[in-house]
Amino acid sequence: MSYATLVRRRYVITCTSLMLLYALLVVFISWGLDLERLSPGLRLLAAVSPALPLAGTFIAFDRYLRQEPDEFMGLLMARAAAVAAGVLLCLLSAWGFLEQYAGLPRFPLLMTFALFWALYAPSLFYVKRSYR
């Protein structure tokens, strides 16, 4: 098995494990805990706990980029992440103004992580096409 295959496999296994942990935490907090009976400190800890595996996926992505044997592909992926983050920031900022001044409903911030990765795919396509 090549080094590139091992790096990709470790990335997929790490992200899959972290997303499983994320899902388990959300299920446990949503249906397994009586949040009203917890102290404020424990409630805060429970509420923030699903964000920790999400942060772990970005750490895994960074590690993957550093270990990607094809440096050009790593550059394209890093640029795509920057483009996706920029588009996400612009969209969320615009939505915030729409909420404030046009009365649109609040954007569920829980969806920010998913929206980033949804924007990453077309960003990677855009970045790859810019080098043809």
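In the protein chain, confidence is lowest in helix 2, at a mean of 93, and highest in helix 4, at 97, where confidence means pLDDT, the predictor's own score for each residue from 0 to 100, and helices are DSSP runs of H or I with at least four residues, numbered from the N terminus. The mean pLDDT of the protein chain is 95, and 100% of its residues reach 70 or more.

This is a predicted model, in which local features need pLDDT of at least 70 and side-chain atom pairs count only at pLDDT 80 or more, while totals for chains, interfaces and linings use all residues. Residues are numbered from 1 along each chain as its sequence is written, and side-chain values use heavy atoms, with hydrogens and water left out.

Let me start with helix 1, residues 3-32, whose 30 residues should span 44 Å at 1.5 Å a residue, the expected span being 1.5 Å times one less than the number of residues; the end C-alpha atoms are 41 Å apart, which agrees. Its buried residues are Ala4, Val7, Tyr11, Cys15, Leu18 and Ile29, where buried means under 20% relative accessible area, exposed over 50%, and partly exposed in between, with a 1.4 Å probe and protein chains only. These buried residues pack against helix 2 (40-48), helix 3 (51-67) and helix 5 (112-129).

Leaving aside neighbours within four places in sequence, phenylalanine 61 is in contact (heavy atoms within 4.5 Å) with Tyr11, Met77, Ala81, Trp117 and Tyr120.

Finally, the rings: the count comes to 12 aromatic pairs, taking rings of Phe, Tyr and Trp (its six-membered ring) with centres within 6.5 Å, and calling planes under 30 degrees apart stacked, over 60 edge-to-face and the rest tilted. Phenylalanine 58 and tryptophan 117 are stacked, at 5.7 Å centre to centre and 20 degrees between the planes, and this pair links helix 3 to helix 5 across 59 residues. Tryptophan 117 counts as partly exposed because its relative accessibility is 23%.

Methods. Helices (H or I, at least four residues) and strands (E, at least two) are DSSP runs, numbered from the N terminus.
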